[in-house]
Every structure is written in structure tokens, then in C-alpha cells.
Amino acid sequence: MSSDYVTIWTRIEREVMSTAIIQPDIVKWAIQRSQIEPDQLAHKIPVKPERITEWEEGVSLPTFLQARKLANILHIPFGYLFLQAPPTEEITVPDLRTLRDFRASGFSVDLKDAIADVQRKQDWYRDLLIEDGEEKLPFLNSYNIDSDTKDIARSITETLGLSVSTRNQVRNWEKFLRLLMDRAEEAGIWVMRNGRMGYNSHRVLDVEEFRGFTLCDDYAPVVFLNGADATAAQIFTLIHELAHLWLGESGVSDLSVDPASS
């Protein structure tokens, strides 16, 4: 057996067997943040359910391998488990959803992470636009809640350069959605569409929780569409979120495309 092989095996054995000195308050915070049931968490690691309680209370500690699995399942950086206090998470986007159950439970960890990811990208893009000497977009916050909806719709249509002929050029919902997204981006609105958190196929964004959100900004406004939703619903959501920009409002939406349930 070569010395390199022995070294690698020793490192693996050390990580599997050694104890991770994690903070119980961080474990409690991460579990509450993820909204995962302790029994489900224990099954995924896997350990007995009472072991999770012991980690929360500081009675016992996980191995490094268990701690890594814990961080991965709870969707937090591994290093967070060793912090003395939970980090501050500021989600300043207004909750405009109408479903009471979701409003009561707040934003899920997937939605929080999606918003934070988009905000980081928006901040970078905003700084780039300002550095390049771009001016503020004139149509943002150009109307208010008391404005005539027909005037707002007319302004959006004119800004996006839409007409009956442009609508007749598309043959299906997906092409029409793409047309709207392209026109919005030409006007200076960054439209993102994804049905999962980042590139993680296991973190599908729940359409029941939200259909889209808007991050208003004078230079780099962003509309995010839940790509897990039906194409027709995404069109409806995009138009709704564009109206939020014209009103100068950020927010998370869960609109229904069924008029009977609106």
C-alpha cells in the first residue's frame, strides 16, 4: 500500500469519525429556517430522531461527516454551523401574496435563497450600469395606485413596442412569453426565469408558494418568473410584475390565472 493511499485513507477516516464542535443555537436556527421536520431530517442524515434533539440542545455532537450532511440538507454553508450566533438575514421584499397559509409561515428557505441570489446579481448589474454612465429608466415609478389602469397598460405596451401585428406574429404561448421577455429586456428590465433554486434540481421552486417577484430599481429592475409554472401563467405573472415596476413597487406575488379565484 503506497504512502499516498494511506494518507488519503487516514484523512477520510478522520473526517468520518472525528467530532464537529458545532453550536446548538445554529442547529436550532437552521432547522427552523428550513422548515423541515426533525424526523425527516434524521432520516436523511441518517440518525435516530433523538440525536437531532441532542444536537439542538448541545447534549451531543455530530461527526464531521454528519455535520456536512446536516449543512447540505438545511441549505446553509458548512461554516455556519461553527458560528457563535445565527447570521442576520434581511429579506426586505414586501410579501404581496394572498394565500394565508404561506403568508403566515413566511418565505421558505428556497424562496429566501432565490431572492438573495437575484439581489446579489442585481447589485452587481446596477453598479456596472452606473459605472458605464447609464441613466435611470424613465418609466419606473411613473404611476401610482390611483392611476387609471388603462393608462398604465398603454404605457407598458408602448414601452415594450407591442402591437396587434407583433402579437399575431407568434404562434404559441412560449413564443409570446419569449417576445415579452425580449421586449422587456430591450427596455432595460432584467427578466429571469427559473423553476429551481440555482442549478440544484432537488430544490424545485413551489408554484403554490409564489409565481414571481419584482425587485424595483431605477437602473436595474428585475422581474423573476417561477419557471415551474405553466407558460400561460408566466405570461400573466410577467405582465403583472411589469405593472409593479411602473408603480415603483417591489414584491412577491402568488397570483391565480383563474378569474374565479381572483
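Me: Helices are DSSP runs of H or I with at least four residues, strands are runs of E with at least two, and both are numbered from the N terminus. Where is His75 found?

Reply: His75 sits in the loop between H5 and helix H6 (100-105). The model is predicted: local features need pLDDT of at least 70, side-chain atom pairs count only at pLDDT 80 or more, and totals for chains, interfaces and linings use all residues. Residues are numbered from 1 along each chain as its sequence is written, and side-chain values use heavy atoms, with hydrogens and water left out.

Me: Why is His75 called partly exposed?

Reply: The class lies between buried (under 20% relative accessible area) and exposed (over 50%), with a 1.4 Å probe and protein chains only. His75 has 26%, so it is partly exposed. Its phi is positive, near 60 degrees, and it is not a glycine.

Me: Which other residue has a positive phi although it is not a glycine?

Reply: Gln35, with a phi of about 60 degrees. Gln35 follows H2 and lies in the loop between H2 and H3. Its relative accessibility is 42%, so Gln35 is partly exposed as well.

Me: What makes up the buried side of helix H2?

Reply: In H2 (residues 24-34), the buried residues are Ile26, Val27, Trp29, Ala30, Ile31, Arg33 and Ser34. They pack against H3 (38-44), H4 (49-57), H5 (64-74) and H7 (109-131). Across the protein chain, buried residues make up 39% of the 262 residues. The chain has 11 helices and 4 strands.

Me: Why is Ile52 counted as buried?

Reply: Ile52 has 1% relative accessibility, so it counts as buried. Ile52 is in helix H4.

Me: What is Ile52 in contact with, leaving aside its neighbours within four places in sequence?

Reply: Ile31, Pro38, Leu41, Ala42, Ile45 and Val47. A contact means heavy atoms within 4.5 Å. One of these partners, Ile45, is joined to Pro46 by a cis peptide bond, with omega about -5 degrees. Pro46 lies in the loop between H3 and H4. Ile52 and Lys28 are 24 residues apart in sequence and 9.5 Å apart in space, C-alpha to C-alpha.

Me: What makes the pair of Glu54 and Arg51 a salt bridge?

Reply: A salt bridge is a side-chain nitrogen of Lys or Arg within 4 Å of a carboxyl oxygen of Asp or Glu. Glu54 and Arg51 meet at 2.7 Å, N to O. The pair qualifies. Both residues lie in H4, 3 residues apart, about one turn of the helix. An α-helix has 3.6 residues a turn, so residues three or four places apart point the same way. Glu54 is partly exposed at 23%, and Arg51 is partly exposed at 38%.

Me: How many salt bridges does this rule give?

Reply: The count is 12. One of them joins Lys121 and Asp117 at 3.1 Å, N to O. These two lie in H7, 4 residues apart. Another joins Arg154 and Asp151, whose closest N and O atoms are 2.8 Å apart. That pair lies in H8 (residues 149-160), 3 residues apart. Separately, salt bridges that share partners join Asp95, Arg97 and Glu209 into one network.

Me: How do you know that Thr214 is buried?

Reply: Its relative accessible area is 0%, so Thr214 is buried. Thr214 is in strand S2 (residues 212-215). Not counting residues up to four places away, it touches residues including Val93, Val222, His244 and Gly251.

Me: What is the distance of the polar contact that Thr214 makes with Glu241?

Reply: The two side chains make it at 2.3 Å. The limit for such a pair of N or O atoms is 3.5 Å; within protein, one must be able to donate a hydrogen and the other to accept it, and residues adjacent in sequence count only if both atoms are side-chain atoms. The Thr214 and Glu241 pair passes.

Me: Which residues of the lining lie nearest the centre of the largest pocket?

Reply: Ile36, Lys44, Ile73, His75 and Asp110, out of 14 lining residues. H3, H5 and H7 each supply at least two residues of the lining. The pocket holds about 380 Å³ of space. A pocket is an open set of points on a 1 Å grid over the protein atoms alone, where a 1.4 Å probe fits, with protein on both sides within 12 Å along at least five of seven lines; lining residues have an atom within 4 Å of a point.

Technical notes
Points joined across faces, edges and corners; volume = space filled by probe spheres on them.
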